[in-house]
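Reader: Can you walk me through this one? I'd like to go region by region.

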Amino acid sequence: MSGSTEPKTQVRQVRDALLREFDGLMDLADLANRPPAEREQSLLSRALAALVVRDLTGCDSAAAADAIIDGQGDFGIDAVATDKNASHLWLVQSKWSDRGKARFEVADALKFVDGLRQIDARKFDRFNMRFRNLADQVTAVLSNRGSKITLVTAVMRTDPLAADVVQRLSDAQEEFNQFGNMLDQRTYLARDIWEVVRNDFAEPPIPLTAKMQDWIRVTEPYEAFQGIVSVADIAGWYDTHEDRLFDRNIRKPLGITPVNQGLIDTLTADPHNFWFFNNGITVLCDTVDPDYFQRGARRSPVTLKLDGASVVNGAQTVHAIHRAFRKDPEAVADGYVTVRVISLKNCPPGFADAVTTATNTQNRVERRDFVALDDVQRRIKQDFLLSLQKTYTVKRGEPEPSAESGCSVEVAAIALACAHRNSDLAVRAKLGADRLWEESSQGAYHLLFNVQDQPSAYQIWRSVLILRAVDATLYRTAKDRQARAEAIVERGNRLIAHIVFQHLDLDGIDEPDTDWDAVLAQVPEVVGRATDWLVHHVDAEFKKQLVSSTLAEPEPCRTLTGLVLRDLRSDAPVPDLPQEYRPARSVPRQRRRNAVPTLIDAQRLAEGTPLTFQAIGQAEREAMAAWLAADSSRGTATWVNQRVRPLLWAADGKRYSPSGLVQKMWRLAEWNKAPVAAQGPARWCVAEGKSLWRLALDTRNDDDLGDLDEDA
């Protein structure tokens, strides 16, 4: 942690900022019974997670505090945040230390990754209520094609994370990204955290210098300049200020997208034409101070000194220029770009936001727009009108026809993709309709709307009706699925539609006299069987792979299609799915009594009764043996007659609930295959060998207290 400020001072500054910003915003109800010092440390840890959420998402402090889920049942995740577009999910784990030496160990990383797995499998009911309050936002991101997930570790320490910790996180990233770049990770260490605080509370305005040629000046109603600037100067801006250049922008650089790569290629290969191919950059500034080389001579340059500058449109251009300049500075040096500078001096309130919004919402041409020029689409549109008396819309921006009156080309393309014998097209449709407009010989558009074999209005419309029937059935039966089954169906709905199309008899799809209602009547039954078979085979063939990865890759989907169709055609009985995939039936019953309250109420154990840990089952015994043997205090505790955390652990002198202590021991022993839930009272035993659960059960039998919950 280098720089003019010493590490101890930086930690203090961060600490003060966290307390100042988040004390009073954070929910600390679960910490009410903790000592003040411990309560403050928990507050700081949660506030650190909130600070990181604010830095990642740009939200305010109150919203960042609402993202905190830290507490019992958090699966190692301290905060959950999403962006406004439901395209990015951040999972944050934070560790605070007043000395700047917070520990983040392998057990922490493993628990963090396990939390990710639970989320991917939609096992939201295993999380605490704080997470469940955010579940709809999480589901929206997971359901969004092309969504991203970032594992964020925020650790108040100066040293890097240990190599084995980094490896565990990298292993998870590699596994999750087998079939696409969906998961990444980011680490905030002490220096990074301090810089966030510094940027939030004491960031100086950005000064820029723009040397313009062929410029014009506007003085009314607000001062502005427009001209051309060397890309070398633009690259220098980014070298100095990096992403801070875009503080007022609605987004930061998107990285190397195809569009941005095209900008880089043009700059390096043909820099003289870059000005012709680019829309330019818009800069807002608090003030502008022009220095004319020769006043009144438009061909002579003007040097603009900008204070409080920010690029509000053209972030991708600036970033691409910087990348190209680093790649080949000599070639790029000959390039120029249009720059528009607007001074906010004397502008009304809200003007800066209005400019930012307007310059970032210009219409853009998409690949689908060119479809409207295709004669095939013109003929299909006419066929819909004349054969079916229905509407077929092609141009983007046209109102979508009602379900009874027709469909759009986009709906038609998705239906035809699912109906095609090649399951790859259904996978593409699920990943995004924009993937269906590729016009190469192997592109989806050519396969779906081949001019030599143009689909008829009957074929398209009846395919749309089947797709709608499939979607309606899946929607109607969604309540019957949960956990991994829910994730499989959500991710695989287009693959299910493809399987249904292949199973149905569609020979008469082009014939006007075909009784299509009879075909549609078969859809619900086929969807139900295909869905159960798909869930079964995903588990059987790809159990160790993430659902989102498996169903986004063509090859596994081909395998699954073949297996499901084989079983459908054989009329084999549909397999019973695991009980955890079916919602539990609501059966009224008395709430079971926990072991700990039973023992407390009966005063069964004396204060200070010694307890010993006993593993259950061979796997647990083998996993814990070496760790317990290394320190005899790890397997011993004493009883405290308190309903909350009645075990005083000899290893650290702190109090825990029986189950909470068992889970902590599992983590410290790095038992990777430990169960999600721990039945703690069954593992802590008194001297005669009876477990707390057995003692409570005996007490229940003596006093006729009713059912007993083994866990506590």
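Reader: Where do we start?
Author: With strand β17 (residues 647–649) and β18, which pair in the antiparallel sense over 2 bridges. Two strands pair if DSSP finds at least two bridges between them. Helices (H or I, at least four residues) and strands (E, at least two) are DSSP runs, numbered from the N terminus. Keep in mind that this is a predicted model: local features need pLDDT of at least 70, side-chain atom pairs count only at pLDDT 80 or more, and totals for chains, interfaces and linings use all residues. Residues are numbered from 1 along each chain as its sequence is written, and side-chain values use heavy atoms, with hydrogens and water left out.

Reader: Ok, what stands opposite arginine 655 in β18?
Author: Leucine 648 does.

Reader: And which strands form the open sheet?
Author: There are 5, in the order β18-β17-β16-β15-β19, and the pairing is antiparallel. β18 (655–656) and β19 are at the edges with a single partner strand each, so one side of each has no neighbour in the sheet.

Reader: Switching to rings. How many aromatic pairs does the count come to?
Author: The count comes to 16 aromatic pairs. The rule takes rings of Phe, Tyr and Trp (its six-membered ring) with centres within 6.5 Å; planes under 30 degrees apart are stacked, over 60 edge-to-face, and the rest tilted. Take phenylalanine 613 and tryptophan 684: their ring centres are 5.6 Å apart and their planes at 65°, so that pair is edge-to-face.

Reader: Where do those two sit in the chain?
Author: In distant parts, 71 residues apart: phenylalanine 613 is in strand β15 (residues 610–613) and tryptophan 684 in strand β19 (residues 684–685).

Reader: Is phenylalanine 613 buried or exposed?
Author: Phenylalanine 613 is buried, at a relative accessible area of 7%, and tryptophan 684 is buried too, at 0%. Buried means under 20% relative accessible area, exposed over 50%, partly exposed in between (1.4 Å probe, protein chains only).

Reader: What about tryptophan 666 and tryptophan 671?
Author: Their ring centres are 5.3 Å apart with planes at 85°, so this pair is edge-to-face. Elsewhere, ring pairs join Phe75, Phe124, Phe127 and Phe131 into a cluster.

Reader: Next up, β9. Which way do the side chains point?
Author: They alternate along strand β9 (residues 302–307).

Reader: Which strands are joined to β9?
Author: Strand β5 (residues 207–218) is joined to β9 by 6 bridges, antiparallel, with leucine 306 as the bridge partner of leucine 208. Strand β8 (residues 287–292) also runs antiparallel to β9, again with 6 bridges, and there aspartate 291 stands opposite threonine 303.

Reader: What lines the largest cavity?
Author: Val113, Leu116, Arg117, Ala172, Glu175, Phe176 and Leu546. The elements giving two or more residues to that lining are α4 (106–120) and α7 (163–176). The volume of the largest cavity is about 40 Å³.

Reader: Last one: what follows helix α2?
Author: Glycine 58, whose phi is positive, near 80°.

How values were computed. On a 1 Å grid over the protein atoms alone, a cavity is a set of points where a 1.4 Å probe fits but cannot get out, and a pocket is an open set with protein on both sides within 12 Å along at least five of seven lines; lining residues have an atom within 4 Å of a point. Grid points are joined across faces, edges and corners, and a volume is the space filled by probe spheres set on the points.
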